[in-house]
There are 2 protein chains.
Amino acid sequence: MALIVQKYGGTSVSDAERIRAVAQHVAQTRHNGHEVVVVVSAMGKFTDDLIVLAEQISPNNPDREMDMLLTAGERISMALVSMALSTVGVESASFTGSQAGIITDTTHRRAKILEMRPDRIREALDDGLVPVVAGFQGVSTERDITTLGRGGSDVTAVALAAALKADVCEIYTDVTGVFSADPRVAPKARQLTTVSFDEMMEIAATGGRVLMLRSVEFARRHNVPIHVRSSFTWEPGTWIVEEDPTMEEAIVSAITDDTSEAKITVAGVPDRPGVAATLFRELANNGINVDMIVQNTSLHNVTDISFTVAKIELEAAMTACQKVQQEIGAVTVTSDDQIGRVTIVGAGMKSSPGVTALMFETLYNNGINIEMISTSSIRISCVLHADKVGDAVRHLHSAFGLDAE
Amino acid sequence: MALIVQKYGGTSVSDAERIRAVAQHVAQTRHNGHEVVVVVSAMGKFTDDLIVLAEQISPNNPDREMDMLLTAGERISMALVSMALSTVGVESASFTGSQAGIITDTTHRRAKILEMRPDRIREALDDGLVPVVAGFQGVSTERDITTLGRGGSDVTAVALAAALKADVCEIYTDVTGVFSADPRVAPKARQLTTVSFDEMMEIAATGGRVLMLRSVEFARRHNVPIHVRSSFTWEPGTWIVEEDPTMEEAIVSAITDDTSEAKITVAGVPDRPGVAATLFRELANNGINVDMIVQNTSLHNVTDISFTVAKIELEAAMTACQKVQQEIGAVTVTSDDQIGRVTIVGAGMKSSPGVTALMFETLYNNGINIEMISTSSIRISCVLHADKVGDAVRHLHSAFGLDAE
């Protein structure tokens with residue numbers, strides 16, 4: 001008998017029919033002898049509708065009240081799921097984030113979990129019930145309702161799985177698992193059976209849309225195996241687990257792409273200490289998240305700094321750069337929003353020389369120019385012209401032997 | 001400076017525009033130097049929509065989960081009202097029933113308030129905020145979310161007003177106040193300026209739709225003045241207050257009507273002790289609420305018992321009566337769903353002989369037959385044929401001098 005946390009996303013509970021299908025699956029899991037804790041998101045686009053409603057009141061609403069508003073969606077879906085369980089003979093009880101003991105800090109809209117006190121969930125399990133928990137929400141140390149930000153329901157599920165020492169956290173969604181590349185970009189993309197936490201973190205960080213980086217980090221820290229699978233096919237999907245040193249690893253597991261960012265280049269900067277600190281402090285003070293940063297080799301004591309930011313933050317980032325341009329002595333500040341990033345991820349990469357060379361050769365042989373490069377021990381990212389991203393993903397997918405037969 | 005609890009019903013918060021109007025009114029009340037606590041219902045028909053959704057899952061859902069579901073509506077409207085207050089410069093904070101310290105028993109769907117612990121509401125007031133509280137909901141002694149049943153938001157408002165020792169509980173709705181009769185039935189009906197708690201209880205119990213009996217009872221017990229008024233005109237409405245013995249009272253204040261009930265007659269029953277007990281115990285065991293009961297004068301030791309029940313419970317009530325018919329020795333059990341009840345209510349009635357006679361004469365002179373009669377010290381109800389109800393209300397309204405000039 002295993003303890004399984006099952007998280008159902010918005011598309012999995014979008015209407016009464018889908019909710020009944022979820023209940024059937026939970027009943028089947030129980031029938032197979034397992035204990036189940038269910039975590040739910042709001043139905044379909046319900047939370048988006050609430051945001052529209054709030055914007056009709058005002059474009060700028062207090063975060064505390066936005067959290068109070070946005071948590072209504074999970075409350076509705078968890079009650080409906082619990083009702084549906086009752087119709088298939090499974091006794092259950094629903095719990096808000098607060099009732100489930102999810103204690104967060106006081107940062108509304110993107111609260112961090114400080115502590116898990118899932119006493120009522122444990123009691124419910126001991127009483128033979130299936131607890132149905134609202135994802136995405138908690139209660140702050142000031143006793144106010146908080147939300148966990150984007151991907152928050154996954155975080156709830158992983159955190160509960162960790163606190164309850166569950167055997168697995170199953171994330172049900174509208175795709176069948178994690179793929180070797182986005183199938184819309186690379187038609188020959190294959191579904192992966194297993195991915196390591198480290199690989200999944202790189203995939204999530206560089207454009208994989210299945211899981212947010214945050215929940216993968218949480219799962220890795222607490223060593224909670226995640227199983228990403230579909231609530232439409234109910235077939236086994238992709239397992240995200242701790243790297244097994246005895247296993248032979250794929251050199252490259254996945255190719256990701258991301259065209260949501262723009263590039264800023266601060267050129268002709270005197271190569272002296274403190275320049276980068278001044279620049280990125282100013283960006284941070286304006287709440288701008290910087291992703292890739294590349295500083296070119298210094299020539300004649302003058303250097304260029306390039307970095308990427310989300311396109312929607314480009315204007316604010318440019319303003320911040322122009323503000324410090326004189327102070328840091330930069331000659332020009334330019335931007336380019338016609339870029340994309342292609343990344344190869346693989347835990348086996350660190351012990352395989354030649355991966356970098358093969359990546360660059362493949363791009364070169366296909367006439368694709370590289371604008372920026374950034375690497376980690378298990379990832380290589382290249383920034384390219386946006387038009388070339390699709391081609392790059394397909395050629396790299398072939399070159400690294402990932403194409404499905 | 002007064003402390004005012006303002007309760008806004010579903011039509012008062014039905015969309016962003018109406019919510020902004022509510023915020024303006026709260027701001028104006030604060031500007032006039034008063035402290036304000038707001039209690040809100042769910043927007044328009046939102047709760048009805050949730051019930052439809054639940055019925056799509058199953059016709060019979062666990063009450064605990066229905067409560068979890070149904071409380072989502074107030075959570076949405078209270079957050080939106082709080083946001084709207086912020087746009088007009090009024091600092092506020094929203095509170096769920098649980099956060100507002102509304103402690104109930106564990107009877108889901110129609111919980112009773114056991115205790116009020118509005119510490120956080122008091123703190124918010126002391127901090128200069130306008131607390132916005134979800135109506136209709138509380139938290140049980142078992143820490144589960146409960147709802148207070150029909151008219152529950154009014155109960156929340158009155159209970160908070162009592163606990164906070166507010167000067168008045170204002171109930172904002174889509175009518176301008178309490179009328180001397182239903183204006184749709186009696187076009188000459190007048191709006192009443194003041195009604196005593198006792199009168200309002202009789203009005204609520206016999207067909208007045210503005211307030212539920214329960215909240216009036218609560219207000220009377222705690223002596224909380226209620227002011228029923230419109231959130232569309234914002235004009236002063238009707239005050240419901242403790243009877244002032246120094247005031248000269250209207251003999252008759254209002255005529256109410258109710259056509260939602262049916263009549264059952266259990267005829268030819270031996271007039272011996274225990275018969276009525278057996279009959280009404282059986283009805284109670286089947287969860288049927290009996291309203292008016294009349295037992296005719298016994299003749300030859302045989303009596304007839306007539307009573308009214310809600311039309312929707314008629315079938316179940318007939319079944320219950322037929323079940324005990326033999327045991328109590330009744331000759332026939334018949335029903336009539338073409339009846340209506342007309343009631344005259346007035347605190348001055350108890351000291352005015354002749355009111356009963358005037359009522360019966362008025363009906364007789366207009367060719368209206370009386371099928372059942374029931375009285376209290378400040379009320380007389382007559383059951384008539386359903387077709388005659390409108391005529392009866394209009395003639396009585398005239399006869400008792402209530403017609404507007």
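In this predicted model, the contact between the two chains involves 30 residues of chain A and 30 residues of chain B. On the side of chain A that touches chain B, at least two residues each are supplied by helix H1 (16-31), H2, helix H3 (63-70), helix H4 (72-87) and strand E3 (92-95) of chain A. Among these elements, H4(A) gives the largest share of that side, with eleven residues. When the residues on the side of chain A that touches chain B are sorted by class, 17 are nonpolar, eight are polar and five are charged.

One part of this contact can be followed through a pair of helices, namely helix H2 (residues 46-57) of chain A and helix H1 (residues 16-31) of chain B, whose axes come within 9 Å and cross at roughly 45 degrees. The crossing in which H2(A) passes H1(B) is right-handed. Where the two helices meet, A:Leu53, A:Gln56 and A:Ile57 are the residues from H2(A), while B:Ala16, B:Ile19 and B:Arg20 are those from H1(B). The residues of this contact of H2(A) with H1(B) comprise four nonpolar, one polar and one charged.

Elsewhere in chain A, four strands form an open sheet in the order E15-E16-E14-E17, and their pairing is antiparallel. The edges of the sheet are strand E15 (290-295) and strand E17 (332-336) of chain A, each of which pairs on one side only. On average, and with direction ignored, neighbouring strands of this sheet are turned by 20 degrees against each other. Within the sheet, strand E14 (residues 261-270) and strand E16 (residues 302-310) of chain A run antiparallel and are joined by eight bridges. As one example of a bridge to E16(A), A:Lys263 has A:Thr308 as its partner. Helix H9 (residues 275-285) of chain A packs on the sheet, where the helix touches E14, E15 and E16 of chain A, and the direction of H9 makes about 145 degrees with that of E14(A).

As for the confidence of the prediction, chain A has a mean pLDDT of 92, and 98% of the residues of chain A reach 70 or more. Where pLDDT is low, predicted coordinates should not be read in detail. For the model, the scores are ipTM 0.79 and pTM 0.84.

Methods:
Residues are numbered from 1 along each chain as its sequence is written. Chains are lettered from A and ligands numbered from 1 in the order in which they are written. This is a predicted model: local features need pLDDT of at least 70, side-chain atom pairs count only at pLDDT 80 or more; totals for chains, interfaces and linings use all residues. Two strands pair if DSSP finds at least two bridges between them. Axes are lines fitted to C-alpha atoms, for helices over the stretch in contact, and angles run from 0 to 180 degrees between N-to-C directions. Two residues are in contact if their C-beta atoms, placed from the backbone, lie within 7 Å. pLDDT is the predictor's confidence in each residue, from 0 to 100. A crossing is left-handed if the near helix is turned anticlockwise from the far one by less than a right angle, and right-handed if clockwise. Ala, Val, Leu, Ile, Met, Phe, Trp, Tyr, Cys and Pro count as nonpolar, Asp, Glu, Lys and Arg as charged, and the others, Gly among them, as polar.
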